[in-house]
Amino acid sequence: MAQEVRGVVAPGKGERVQVQTIVVPDPGPGEAVVKVQACGVCHTDLHYREGGINDEFPFLLGHEAAGVVESVGEGVTDVAPGDYVILNWRAVCGQCRACKRGRPWYCFSTHNASQPMTLTDGTPLSPALGIGAFAEKTLVAAGQCTKVDPAASPAAAGLLGCGVMAGLGAAINTGNVGRGDSVAVIGCGGVGNAAIAGARLAGAARIIAVDLEDRKLELARSLGATHTVNSRTSDAVEGIRELTGGFGADVVIDAVGRPETYEQAFYARDLAGTVVLVGVPTPEMKLELPLLDVFGRGGSLKSSWYGDCLPERDFPMLIDLYQQGRLDLDAFVSETIALDQVEEAFDKMQRGDVLRSVVML
């Protein structure tokens with residue numbers, strides 16, 4: 001039987017979100033209903049509310065979540081009722097050309113639930129990133145559920161569902177940071193600080209945090225930065241070069257996603273170094289670089305989608321590191337809130353007051 005639960009809905013472009021009653025259908029073939037325990041408030045949810053993703057309102061927001069599988073549909077074998085899972089928004093298909101080439105983290109045909117969740121009047125909802133987890137329960141494709149150790153805190157574990165995984169993966173997977181490397185991270189919000197934590201996990205020798213605010217730089221130090229540059233008071237490129245013997249960093253990660261920060265990243269890397277763009281630009285942004293510099297400096301210019309992660313590989317491993325005390329996911333949880341406090345959490349996020357507000361259900 002379909003169930004009525006509470007969820008956070010963005011009714012129209014730029015409108016304040018509302019807690020409304022939503023209808024969650026029974027899972028069909030390949031689907032699962034998950035009882036959500038925690039869901040982080042991510043910038044992507046704000047982009048949805050502002051119409052920055054598409055205009056398929058109303059949206060059911062929330063996608064950075066952990067919970068327990070309540071029921072599954074026909075043909076589901078990888079998860080079962082009672083399993084503790086992190087939700088992911090890239091459930092790989094196993095059949096596309098990327099999957100068949102052994103690169104499923106690039107899957108071009110990821111799965112979502114085929115049935116819609118609706119308002120009580122039957123209006124279909126568009127779930128954020130195919131998840132919609134600012135809700136007591138949500139319907140997803142079963143492949144969006146990744147089993148992890150149930151001892152892990154839901155507030156911390158759920159953050160691997162998006163922002164923290166994006167940052168960790170930008171360093172470990174996309175940037176391929178290795179032992180002894182120098183790494184610079186521009187932008188020390190949730191994703192940037194996760195990239196710093198990832199660089200430390202990978203064994204980087206020098207990790208340089210760059211931001212406009214000293215309080216963010218201090219937090220970056222607590223998560224693994226060895227040096228900091230305040231780009232409000234000094235030149236970011238020169239600061240990074242001074243801290244790397246005049247050469248630039250082996251890997252520079254742009255966690256802001258603006259033309260000016262990308263240009264800083266480009267010129268702050270060493271010859272044959274790597275630039276990783278993990279901050280998400282807006283559609284109107286453009287970048288102009290001298291082609292001779294692109295050619296002459298060599299190396300790699302990469303973008304990182306979801307940290308190039310493979311959830312079934314990465315989530316359990318990272319939860320193990322968390323349980324061992326080697327990855328401080330709790331440090332990313334700035335506050336826990338209720339469903340009706342999401343709008344206030346957006347305001348705090350825009351002011352830079354929090355790494356993550358986490359809705360607890």
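Colleague: How do the lining residues of the second largest pocket divide into nonpolar, polar and charged?

Modeller: The lining has eight nonpolar residues, seven polar and four charged. Bear in mind that this is a predicted model.

Colleague: How many residues line the second largest pocket, and which lie nearest its centre?

Modeller: The lining comes to 19 residues. Nearest the centre are Asp-78, Ala-142, Gly-143, Cys-145 and Glu-312.

Colleague: And about how much space lies in the second largest pocket?

Modeller: About 360 Å³.

Colleague: Which element gives the largest share of that lining?

Modeller: Strand E10 does, with three residues. E10 and H10 each supply at least two.

Colleague: Let's move to H10. Where is H10, and how far does H10 reach?

Modeller: H10 covers residues 311–323, which is 13 residues. From first C-alpha to last, H10 reaches 17 Å, close to the 18 Å expected.

Colleague: Which residues of H10 are buried?

Modeller: Pro-311, Asp-314, Phe-315, Leu-318, Ile-319, Leu-321 and Tyr-322. They sit on the same side of H10, because the arc they cover around the axis is only 155°.

Colleague: Why would residues three or four places apart point the same way?

Modeller: An α-helix has 3.6 residues a turn, so residues at that spacing point the same way.

Colleague: What covers the buried residues of H10?

Modeller: The cover includes two strands, E6 (84–87) and E10 (145–147). It also includes helices H3 (154–157), H4 (163–174) and H5 (190–202).

Colleague: Which residue with a positive phi follows H10?

Modeller: Gly-325, with phi near 80°.

Colleague: Is Asp-308 buried or exposed?

Modeller: Buried, with a relative accessible area of 8%. Ala-272 lies in strand E15 (residues 269–277). Ala-272 is exposed, at 60% relative accessible area.

Colleague: Which peptide bond is cis?

Modeller: The one joining Phe-57 and Pro-58, with omega about -5°. Most peptide bonds are trans. Pro-58 is in the loop between H1 and strand E4 (59–60).

Colleague: Which residues is Arg-49 in contact with, leaving aside neighbours within four places in sequence?

Modeller: Phe-57, from that cis bond, is one of them. Arg-49 itself lies in helix H1 (residues 43–49).

Colleague: Why does Arg-49 count as buried?

Modeller: Because its relative accessibility is 9%, and buried means under 20%.

Colleague: Last one, back in E15. Is Val-276 buried or exposed?

Modeller: Val-276, in strand E15, counts as buried at 0% relative accessibility. Leaving aside neighbours within four places in sequence, its contacts include Ala-170, Thr-174 and Gly-175. Val-251, Val-252, Ile-253 and Asp-254 are also among them, as are Lys-302 and Ser-304.

Colleague: How many Å separate the C-alpha atoms of Val-276 and Leu-125?

Modeller: The separation is 34 Å, and the two residues are 151 residues apart along the chain.

Technical notes:
Residues are numbered from 1 along each chain as its sequence is written. This is a predicted model: local features need pLDDT of at least 70, side-chain atom pairs count only at pLDDT 80 or more; totals for chains, interfaces and linings use all residues. Side-chain values use heavy atoms; hydrogens and water are left out. Helices (H or I, at least four residues) and strands (E, at least two) are DSSP runs, numbered from the N terminus. The expected span of a helix is 1.5 Å times one less than its number of residues. Buried means under 20% relative accessible area, exposed over 50%, partly exposed in between (1.4 Å probe, protein chains only). The arc is that of the directions from the helix axis to the C-beta atoms. Contact means heavy atoms within 4.5 Å. On a 1 Å grid over the protein atoms alone, a cavity is a set of points where a 1.4 Å probe fits but cannot get out, and a pocket is an open set with protein on both sides within 12 Å along at least five of seven lines; lining residues have an atom within 4 Å of a point. Grid points are joined across faces, edges and corners, and a volume is the space filled by probe spheres set on the points. Ala, Val, Leu, Ile, Met, Phe, Trp, Tyr, Cys and Pro count as nonpolar, Asp, Glu, Lys and Arg as charged, and the others, Gly among them, as polar.
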